[in-house]
Structures are given as structure tokens and as C-alpha cells.
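Welcome, and thanks for taking a look at this protein.

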Amino acid sequence: MVRLRESEVILRLCIVFLLILTSVLIGFDSQTKDIAYIHKKVTFRYLFALEIELYINVVVAAYNIAQLGFGWYGVAQKTSNSKWLSYLLDQTAVYVVFAGVSAAAQHSLLVVTGSRELQWMKWCSKFTRFCFQIGSAIILNYIAAMLMIILSFISAFSLFRLYSPKRYFQFKSSS
């Protein structure tokens, strides 16, 4: 159980690091070019999905820091109710992060390929550094989502190991 707890702490620290790194990459990414005598600056605020992804990453990183704090003081390991809450919040965090990064990837793909029907020009031919930085942020965010899936498995294991395999939703100690 100690090794499981240590691996959970290491995973949460890696997730927090990746989510903060992704937020920094997205938040500080901007590029300025002169196009046909017009000074054009592109930032993440032009892509609404990237802005939402930034906010999601900050909230989920704060949640994981709070979980680390609760684990440090032993608050989250007292009752089965707190383990259920931790499990459900971990699941929710995984789904929200994965949905946010998938939406941002889809929106970024539109920026890469362009769309004649929507009159959306290809940005990456003009703003290459911006596109590479956003692309690396999306890849790092997918890695964070995969680590959060592993963390969710650990959370599920630590919850469901309390229950008896023979009796439906009864604790092992009450058999």
C-alpha cells in the first residue's frame, strides 16, 4: 500500500508539472508578423478551444495539488466516502481534460489545414513558431491525460479493494 501511495504522489506531481507546463506554453504563446504591410499578432485567445483548455488545465492542476495536500495530511484516506469522492473527481478530471485537449486539437487542426468554406486561412504557413508551440502543448496535454487515466485506475483500485468480493457493496471487515 505504501508503494501504491508513493506512485500516486509521483503521478500527481508529474500531472501537475505537465498541466502547468502546458498552460505556460499556451498562455505565453504569441507570434507577430507583418503580412501585406499589416502588423498581425496571433495569440491563444484567437482560438476559443485553446483558451478553454488553458482554464481547464489550471483548475485540474489545482485539484491535483489539493489532492496532494489532503494525502499529505492523511485527510483523504480516512473513510470510504472520501475515497469515493476522490475516485469520482479523478474520473471527472480525466474526462474534462481529455475532452478539452481533443477540442483544442480539432480546432488547431483547422488552423493547420484551413477551410475554404469557413473562409479560414492556414495560419501555420505564416505563424510556424506559434503552431509548433501549440502542437507541443497539445501533445503534452495528451500525455497528462494518459497519466491521469493511470491515476484513475489507482484510485479505483484503492477504493474497490475495501469491498468484499463475495458480498455486493459490503466492506471486507463486515463479512
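In which helix is the place of Ser 108? Ser 108 sits in helix α3, and we will come back to that residue once the overall layout is clear. Please keep in mind that this is a predicted model. The protein has 175 residues, of which 42% count as buried.

**Overall layout**

- The secondary structure comes to 4 helices and 2 strands.
- Helix α1 takes in residues 2–27, while α2 covers 48–73, α3 covers 80–113 and α4 covers 128–160.
- Among the contacts with a separation of 6 or more, 71% are between residues 24 or more positions apart.

**What the UniProt record says**

- In an unreviewed entry, UniProt lists residues 9–28, 54–75, 87–112 and 132–160 under "transmembrane region".
- In the model, the listed span 9–28 is 95% helix and 0% strand. Its end C-alpha atoms are 28 Å apart.
- The listed span 132–160 is 100% helix and 0% strand, with 42 Å between its end C-alpha atoms.

**The nonpolar core**

- The largest nonpolar core is made of 35 residues. Those with the most contacts inside the core are Ile 26, Leu 50, Val 60, Phe 130 and Met 148.
- Helices α1, α2, α3 and α4 each supply at least two residues of this core.
- Helix α4 gives the largest share of the core, with 12 residues.
- Leaving aside neighbours within four places in sequence, Met 148 is in contact with Ile 15, Val 60, Ala 93, Val 94 and Val 97.

**Arg 12 and the salt bridges**

- How many salt bridges does a search of the whole structure find? The search finds 2, and Arg 12 takes part in both the one with Glu 8 and the one with Asp 90.
- Arg 12 lies in helix α1. Arg 12 counts as buried because its relative accessible area is 2%, which is under the 20% cut-off.
- The side chains of Glu 8 and Arg 12 meet with an N to O distance of 3.3 Å. Both residues belong to helix α1 and stand 4 residues apart, about one turn of the helix. Glu 8 is buried, as is Arg 12.
- In the salt bridge between Arg 12 and Asp 90, the closest N and O atoms are 3.1 Å apart. This pair links distant parts of the chain, with Arg 12 in helix α1 and Asp 90 in helix α3, 78 residues apart. Arg 12 and Asp 90 are both buried.
- Through shared partners, the salt bridges join Glu 8, Arg 12 and Asp 90 into one network.
- Beyond neighbours within four places in sequence, the contacts of Arg 12 are Tyr 63, Asn 64, Gln 67, Leu 68, Ser 86, Asp 90 and Leu 151.

- Is Glu 53 buried or exposed? Glu 53 counts as buried because its relative accessibility is 1%, under the 20% cut-off.
- Glu 53 is found in helix α2. Not counting residues up to four places away in sequence, Glu 53 touches Thr 22, Ile 26, Gly 100, Val 101, Ala 104, Ile 138 and Asn 141.

- Why does Ser 108 count as buried? Its relative accessibility is 12%, and buried means under 20%.
- Ser 108 and Leu 50 are 58 residues apart along the chain, yet their C-alpha atoms are separated by 8.4 Å.
- Leaving aside neighbours within four places in sequence, Ser 108 is in contact with Leu 50, Ile 134 and Ile 138.
- The largest pocket holds about 180 Å³ of space. Of the 12 residues that line this pocket, the closest to its centre are Ser 108, Leu 109, Val 112, Cys 131 and Gly 135.
- Helices α3 and α4 each supply at least two residues of the lining of the largest pocket.

How values were computed
Residues are numbered from 1 along each chain as its sequence is written. This is a predicted model: local features need pLDDT of at least 70, side-chain atom pairs count only at pLDDT 80 or more; totals for chains, interfaces and linings use all residues. Side-chain values use heavy atoms; hydrogens and water are left out. Buried means under 20% relative accessible area, exposed over 50%, partly exposed in between (1.4 Å probe, protein chains only). Contact means heavy atoms within 4.5 Å. UniProt positions are given in the numbering used here, feature names are shortened, and annotations may be inferred rather than shown by experiment. A nonpolar core is a set of buried Ala, Val, Leu, Ile, Met, Phe, Trp, Tyr and Cys residues joined through side-chain atoms within 4.5 Å. A salt bridge is a side-chain nitrogen of Lys or Arg within 4 Å of a carboxyl oxygen of Asp or Glu. On a 1 Å grid over the protein atoms alone, a cavity is a set of points where a 1.4 Å probe fits but cannot get out, and a pocket is an open set with protein on both sides within 12 Å along at least five of seven lines; lining residues have an atom within 4 Å of a point. Grid points are joined across faces, edges and corners, and a volume is the space filled by probe spheres set on the points.
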